[in-house]
Amino acid sequence: MSAEFRVVPFAGLPDYSEEKRLQCSRDFLQLMQGRRTIRDFSSKSVDRKIIENAVQAAGLAPSGANKQPWHFAIVSNPEMKRKIRKAAEVEEEEFYAGKAGEVWLKDLAPLGTDPNKPFLEIAPYLIVVFQQNYDIDANTGEKIKHYYIQESVGLACGFLITALHNAGLATLTHTPSPMGFLRELLGRPKHEKPVMIIVAGHPSTTATVPEEALNKKSLNVISSWFD
């Protein structure tokens, strides 16, 4: 342990009984089973503090050597959302015109997606997640190495989506390809790479999802147990 850290006894978990822990695990599973991706958002406003709390929660994710190699650009400005939508749809037109390839487009067909992305303008918040491939020392200008960057940013995105869902907000992960335009539009430095847009807000009154949740692999498929 580095000398710069003062250590104290860990007391970050509630002292639950095993029965209470089991109930909490069931409650959380049920909460997450209700999470569904939507593409039809309402323009209804969302309290900024809710977004701030969710982003702060994302910032608590574990990361390689605690370098926290992420940046969240939160966009609510209508004009900026319009610019993002316009640029994203240019890329999406090429994607659906054939750049994605026949197999990918065939897999997407049941979802009913297309190049039009009105949710980028309608939803109250777009959270653009960037991975920082390295950092810059503010005093010396030297590069600061980051570790396990993709893994760390993936964990933070999971925290963020879960925090938003826990607050009763709908989300959509949007990944136009390529995404370099996001760095340019939002004025982020060259050592940051856009990873995804997390669209956050309320579902519209006409939003629909499949009656049955999209097939998720069962526990015995996604896990191996060595008791």
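A salt bridge is a side-chain nitrogen of Lys or Arg within 4 Å of a carboxyl oxygen of Asp or Glu. The legends below describe a predicted model, in which local features need pLDDT of at least 70 and side-chain atom pairs count only at pLDDT 80 or more, while totals for chains, interfaces and linings use all residues. Residues are numbered from 1 along each chain as its sequence is written, and side-chain values use heavy atoms, with hydrogens and water left out.

View 1. The side chains of Glu 18 and Arg 21 meet in a salt bridge, with 2.6 Å from N to O. Both residues belong to helix α1 (residues 18-33), where they are 3 residues apart, about one turn of the helix; helices (H or I, at least four residues) and strands (E, at least two) are DSSP runs, numbered from the N terminus. By the rule given above, the count comes to 9 salt bridges.

**View 2. The packing of helix α2 against helix α6.** Helix α2 (residues 48-58) and helix α6 (residues 149-166) pack at an angle of about 150 degrees, and their axes are 8 Å apart. Here the axes are lines fitted to C-alpha atoms, for helices over the stretch in contact, and angles run from 0 to 180 degrees between N-to-C directions. Contact, meaning heavy atoms within 4.5 Å, is made by residues including Ile 51 and Val 55 of α2 and Phe 159 and Leu 160 of α6.

**View 3. Tyr 96 and its surroundings.** Tyr 96 lies in helix α3, and, leaving aside its neighbours within four places in sequence, Tyr 96 is in contact with Leu 105, Leu 108, Thr 113, Asp 114, Pro 115 and Lys 117. Tyr 96 and Thr 113 are 17 residues apart in sequence, and their C-alpha atoms are 9.3 Å apart in space.

**View 4. Two details of the backbone.** Most residues other than glycine have a negative phi, and most peptide bonds are trans. Ala 65, a residue other than glycine, has a positive phi, near 55 degrees, and is found in the loop between α2 and β1 (70-75). The peptide bond from Ser 177 to Pro 178 is cis, with omega near -5 degrees, and Pro 178 lies in the loop between β5 and α7 (180-185).
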